[in-house]
Amino acid sequence: MARKFITYFDKEGDDYTDELIMAVKDKLDIIDIKRIIIASATGESALKLYEAVDDDIEIINVTHHMGFSGPNESDISKDMVEKLEKVGIKTYFGSHAFSGAARGVTNKFGGCSPLDVVANTFRMFSHGIKVGAEISIMAADAGLVPVGEEIIAIGGRAHGVDSAVILTPVNSKDLFNLKIHEIIAMPRD
């Protein structure tokens with residue numbers, strides 16, 4: 001048995017990026033994890049994370065797919081992608097694992113897809129925990145993180161990040177084998 005501590009933020013959606021990065025950094029001092037994936041639409045949170053952690057930590061930034069905010073638009077600038085690449089951070093653009101094309105169907109015809117149920121189950125913890133699970137699957141499917149190896153996944157809602165978990169990612173075809181081992185931080189409300 002081990003006693004672990006979780007950082008709780010007051011509410012979901014506020015920008016707790018700096019505090020969350022401190023909690024992740026504290027966790028990295030006592031565990032041996034070499035990869036972190038972070039959901040950062042603009043790249044700003046990924047850059048802050050890079051500035052705070054040791055150089056031997058691999059960081060992968062997951063951003064929205066092209067067209068998320070508007071036709072042919074990217075939420076992250078080319079300059080930011082280049083800036084992240086210069087410090088060794090890969091940026092992945094891809095459809096959301098828990099919505100993707102299924103969202104187009106439900107937007108047109110209503111109802112919900114089975115993946116909506118999965119996403120909403122994760123949201124019972126926090127939107128950021130849902131995002132962390134989702135980006136871990138996206139990164140695994142893209143070959144950016146290995147399955148079967150514990151990583152830290154960081155997500156949030158709107159601006160900045162507010163949730164971090166230690167999990168073992170899986171490919172999307174093995175969705176229900178995803179394991180969340182520890183919650184590092186999350187909002188209470």
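In this predicted model, helix H1 (residues 17–28) packs against helix H2 (residues 44–52). The angle between them is about 40°, and their axes lie 10 Å apart. H1 and H2 are therefore oblique to each other, since the roughly parallel class is kept for angles under 35 degrees. Their crossing is right-handed. On the H1 side, the contact is made by Thr17, Asp18, Ile21 and Lys25. Ser45, Lys48, Leu49 and Ala52 contribute from H2. By class, this contact of H1 with H2 has three nonpolar, two polar and three charged residues.

H2 also packs against helix H3. The axes of H2 and H3 come within 10 Å and cross at roughly 20°. This angle falls under the 35 degrees cut-off, so H2 and H3 count as roughly parallel to each other. H2 passes H3 in a left-handed crossing, whereas the crossing of H1 and H2 is right-handed. The contact is made by Glu44, Ala46 and Leu47 of H2. From H3, Met80, Lys83 and Leu84 take part. Four nonpolar and two charged residues make up the contact of H2 with H3, with no polar residue.

Met80 belongs to H3, which covers residues 78–86. The relative accessibility of Met80 is 8%. Met80 therefore counts as buried, the cut-off being under 20%. Its contacts, leaving aside neighbours within four places in sequence, are with Thr42, Gly43, Glu44 and Leu47. Glu44 and Leu47 also belong to the H2 side of the contact with H3. Along the chain, Met80 and Glu44 are 36 residues apart. Their C-alpha atoms are separated by 8.2 Å.

Helix H6 covers residues 127–141. At 1.5 Å a residue, its 15 residues should span 21 Å. The expected span is 1.5 Å times one less than the number of residues. The end C-alpha atoms of H6 are 21 Å apart, which agrees with that expectation. Burial was then considered. Of the 15 residues of H6, 14 are buried. H6 is therefore largely enclosed by the rest of the structure. Just after H6, Gly143 takes a positive phi of about 75°.

Key
Residues numbered from 1 in each chain as written. Predicted model: local features only at pLDDT ≥ 70, side-chain atom pairs only at ≥ 80, totals over all residues. Heavy atoms only, no water. Axes fitted to C-alpha atoms, helices over the stretch in contact; angles between N-to-C directions. Helix = DSSP H or I, 4+ residues; strand = E, 2+ residues; numbered from the N terminus. Parallel < 35°, antiparallel > 145°, perpendicular 65-115°, else oblique. Left-handed = near helix turned anticlockwise from the far one by under 90°. Contact = heavy atoms within 4.5 Å. Nonpolar A, V, L, I, M, F, W, Y, C, P; charged D, E, K, R; others polar. Buried < 20%, exposed > 50% of the residue type's maximum accessible area, 1.4 Å probe, protein only.
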